[in-house]
Amino acid sequence: MAAATPHSPPPQLSSPFLEYITAPGGLDKVVLRGRRSCSVEIRLFGGQVTSWKNDHGEELLFVSSKAIKPPKPFRGGIPICFPQFGTQGNLEQHGFARNRLWAIDDNPPPLPVNPAIKAFVDLILKPSEDDLKMWPHSFEFRLRIALGAGGDLSLTSRIRNTNTDGRPFSYTFAYHTYFSVSDISEVRVEGLETMDYLDNMKGKERFTEQGDAIVFESEVDKVYLAAPSKVAIIDHDMRRTFVVTKEGLPDAVVWNPWDKKAKAMQDFGDLEYKHMLCVEPAAVEKPITLKPGEEWKGRLGLSAVPSSYCSGQLDPLKVLHG
Ligand SMILES: O=P(O)(O)OC[C@H]1O[C@@H](O)[C@H](O)[C@@H](O)[C@@H]1O
């Protein structure tokens, strides 16, 4: 069966785990519901997660109060950067996928799932005629967004080369995840210390991270290379730790615009940099190449857990290996 168009009726209307929200133009959002007040909201425009709430109904992702409505990219949540990360190519910044209307995929190819997960939705993006003029490659991008029993969120991307002219294509990719934090000055990132990174603020020059956990005192825009599969964001004030897991995505981008850049951004409050941090599982340094018929899979897993303490200190080992 073909994927439903954005305007066609949602395939499964009655489920306690799924809610479809329509707007004048057609289907607008899908809400996944979990235990107690856990939920995830996904916007068809951009195939973008725009909200992830824990079982107390607290928002875990940052969304700017100045976020602009479509057709502009939406500042916050989890934009998908594809087929280009950043300015690494001829396309618009971060590629066009975050700026397109995705459709519900009501008959996706099988994807092994945890049977305990009841709340999930499958989306699909295929290139339009205009997209093909800019990036002359035919693809199917399937995205499954799932809310786990414990309130954890996972995004699984499957990208297939459907070119019929025998040509391979290459792309870069990121899950541009905006985490909500209490105060950026109190946040530490564990798991990236000693890693090599490309510094976007210094012409992508390569450096090696020194010292302990990463803390924030000024603008940061770094691509950590061959980053571990688990990274922790420890929010001291909230006593909350985000655990970010990644598969198929070697790199991790860390970004905070800080005060000067915040003021220059039209869709971002002047002081909002204090309450957000982007940690973005990505494939940036080495583009992914697919031959016709080949498929790539890249997964992001997010959970929010109470921070572990050991003798009054945050214990990174418990967070990363516990
Ligand atoms: O404003 P945009 O296009 O959403 O990009 C925001 C930031 O996204 C980050 O991923 C990049 O590393 C930054 O360089 C960029 O400024």
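**Close-up views of a predicted model**

**View 1. Strand β10 and its pairing partners.** Within β10, Tyr 175 is the bridge partner of Ile 80. The model is predicted: local features need pLDDT of at least 70, side-chain atom pairs count only at pLDDT 80 or more, and totals for chains, interfaces and linings use all residues. Residues are numbered from 1 along each chain as its sequence is written. Strands (E, at least two residues) are DSSP runs numbered from the N terminus, and two of them pair if DSSP finds at least two bridges between them. Strands β5 and β10 run antiparallel and are joined by 2 bridges. An antiparallel pairing over 5 bridges also links β10 to β19 (residues 276–290), where Thr 289 stands opposite Ser 170. Of the 7 residues of β10 (residues 169–175), 6 are buried, so the strand is largely enclosed by the rest of the structure. A residue is buried if 20 or more other C-beta atoms lie within 10 Å of its own, exposed if 12 or fewer, and partly exposed in between, with C-beta atoms placed from the backbone.

**View 2. The shell around the ligand.** The residues around the ligand are Pro 73, Gly 86, Gln 93, His 94, His 176, Asn 200, Asp 221, Val 253, Trp 255 and Glu 280; a residue is near a molecule if its C-beta atom, placed from the backbone, lies within 6 Å of it. By class, this shell holds 3 nonpolar, 5 polar and 2 charged residues.

View 3. An unreviewed UniProt entry places the feature "binding site" at Arg 75, Gln 93 and Arg 98. These positions span 24 residues in sequence, yet no two of their C-alpha atoms are more than 13.4 Å apart, so they gather at one spot. Such annotations may be inferred rather than shown by experiment. Arg 75 lies in the loop between β4 (48–53) and β5 (80–81) and counts as buried, with 21 C-beta neighbours inside 10 Å. Residues are in contact if their C-beta atoms, placed from the backbone, lie within 7 Å; not counting residues up to four places away in sequence, Arg 75 touches Ser 64, Ala 67, Asp 267 and Phe 268. Gln 93, in the loop between β5 and β6 (103–104), is partly exposed, with 13 other C-beta atoms within 10 Å.

**View 4. The surroundings of Ala 252.** Ala 252 belongs to strand β18 (residues 251–256) and is buried, with 29 C-beta neighbours inside 10 Å. Leaving aside neighbours within four places in sequence, the contacts of Ala 252 include Leu 192, Tyr 224 and Glu 280.

How values were computed:
Nonpolar A, V, L, I, M, F, W, Y, C, P; charged D, E, K, R; others polar. Helix = DSSP H or I, 4+ residues; strand = E, 2+ residues; numbered from the N terminus. Contact = placed C-beta atoms within 7 Å.
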